[in-house]
Amino acid sequence: MKTLIITDIQNDFIPGGALEVPGGDEIVSVINGLQDKFDLVVATQDWHPANHISFASNHPGKKSFEVIEWHGMEQILWPDHCVQNSGGAAFHPALRMERVEAIFRKGMDKEIDSYSGFYDNGHKKNTGLAGYLRGREADDLYFCGLAADFCVYYSIRDAMKEGFKTTLIEDATRPIDADKFKEIKTEISSKGCVIISSRDIPWQGSALK
Ligand code: VGL
Ligand code: ZN
């Protein structure tokens with residue numbers, strides 16, 4: 001079953017937000033137009049407590065985008081973003097939500113960051129997304145959203161490890177770092193992720209109808 005996974009279309013990742021992704025606003029209408037082509041639509045939402053360790057503000061003397069070691073793992077320090085219940089954590093107001101069947105939240109444990117919609121960065125806690133998708137018989141996953149080089153990338157890697165068929169819709173995502181995203185595309189396509197444009201989707205309407 002063809003499933004669209006909409007990653008983190010939240011105000012803080014849109015230009016003007018706390019952790020803005022260049023061009024993030026441009027993909028909202030693309031994603032809205034894609035939704036009716038899928039049998040199942042799921043969203044993820046970055047959802048941090050204010051004391052989250054990924055925030056530079058919680059490490060006195062450190063600045064945003066510095067890298068530290070935390071519990072033996074590299075951690076990029078981010079500006080405060082997607083704080084639970086804040087306007088920045090809300091979905092972009094223009095994002096269509098009526099077809100979104102489930103929302104998987106991540107990044108709620110203050111001690112560990114969580115880019116992927118499936119697992120935290122230490123692969124210790126499972127969000128339940130893989131089990132939910134299997135329960136819904138969703139085996140063919142299409143990824144879009146923000147940011148291409150973080151949450152979308154880590155979600156695709158985990159989806160491939162979990163045995164799902166994966167496709168990235170390139171014009172429905174935007175990276176924080178364009179050069180890094182070029183390397184990521186080479187890596188994920190070598191591992192079996194198909195990269196397409198929304199214009200390449202051949203079927204009309206929901207694949208099941
Ligand atoms: C993200 C950095 C920190 C993302 C979330 O959604 O790509 N990036 N938290
Ligand atoms: Zn985050």
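A salt bridge is a side-chain nitrogen of Lys or Arg within 4 Å of a carboxyl oxygen of Asp or Glu. In this predicted model, the side chains of Asp-140 and Lys-2 meet in such a bridge, with 3.0 Å from N to O. Because Asp-140 belongs to strand E6 and Lys-2 to strand E1, the pair ties together parts that are 138 residues apart in sequence.

**The sheet and its helices**

Strands E1 and E6 belong to an open sheet of six strands, whose order is E5-E2-E1-E6-E7-E8 and whose pairing is parallel. At its edges stand strand E5 (100-106) and strand E8 (194-196), each of which pairs on one side only. From one strand to the next, the twist averages 25°. Strand E1 (residues 2-7) pairs with strand E2 (residues 40-46) over five bridges, and Thr-7 has Thr-44 in E2 as its bridge partner.

Two helices accompany the sheet. Helix H3 (residues 148-161) packs on it, touching E1, E5, strand E6 (140-146) and strand E7 (165-174), and its direction makes about 165° with that of E6. Helix H4 (residues 178-190) lies across E7 and E8 and runs at about 165° to E7.

**The zinc site**

The zinc ion (ligand 2) is coordinated by Asp-46 (OD), His-48 (NE2) and His-81 (NE2), at 2.0 to 2.2 Å. Along the chain, the donors follow the spacing D-x1-H-x32-H. The arrangement is irregular because the four donor atoms subtend angles of 88 to 169°. Asp-46 is buried, with a relative accessible area of 3%, and His-48 is buried at 0%.

**Salt bridges**

The count of salt bridges comes to 15. Three of them are listed here.

| Pair | N to O distance |
|---|---|
| Asp-140 and Lys-2 | 3.0 Å |
| Arg-174 and Glu-26 | 2.9 Å |
| Glu-101 and Arg-136 | 2.6 Å |

In the pair at the head of the table, Asp-140 is buried, with a relative accessible area of 7%. Arg-174 forms a salt bridge with Glu-26. Since Arg-174 lies in strand E7 and Glu-26 in the loop between E1 and helix H1 (28-34), this pair ties together parts that are 148 residues apart in sequence. Glu-26 is partly exposed, at 48% relative accessibility.

A further salt bridge joins Glu-101 and Arg-136. This pair links distant parts of the chain, with Glu-101 in strand E5 and Arg-136 in the loop between helix H2 (129-135) and E6, 35 residues apart. Glu-101 is partly exposed at 44%, and Arg-136 is partly exposed at 29%. Elsewhere, salt bridges that share partners join Asp-36, Arg-96, Glu-98 and Arg-99 into one network.

Technical notes:
Residues are numbered from 1 along each chain as its sequence is written. Chains are lettered from A and ligands numbered from 1 in the order in which they are written. This is a predicted model: local features need pLDDT of at least 70, side-chain atom pairs count only at pLDDT 80 or more; totals for chains, interfaces and linings use all residues. Side-chain values use heavy atoms; hydrogens and water are left out. Two strands pair if DSSP finds at least two bridges between them. Helices (H or I, at least four residues) and strands (E, at least two) are DSSP runs, numbered from the N terminus. Axes are lines fitted to C-alpha atoms, for helices over the stretch in contact, and angles run from 0 to 180 degrees between N-to-C directions. Contact means heavy atoms within 4.5 Å. Donors are N, O and S atoms within 2.8 Å of the metal (3.2 Å for Na, K and Ca); water is not among the atoms, so sites may look incomplete. Four donors count as tetrahedral if all angles lie between 85 and 135 degrees; four count as square planar and six as octahedral if opposite donors are over 155 degrees apart and all others between 65 and 115; anything else is irregular. Buried means under 20% relative accessible area, exposed over 50%, partly exposed in between (1.4 Å probe, protein chains only).
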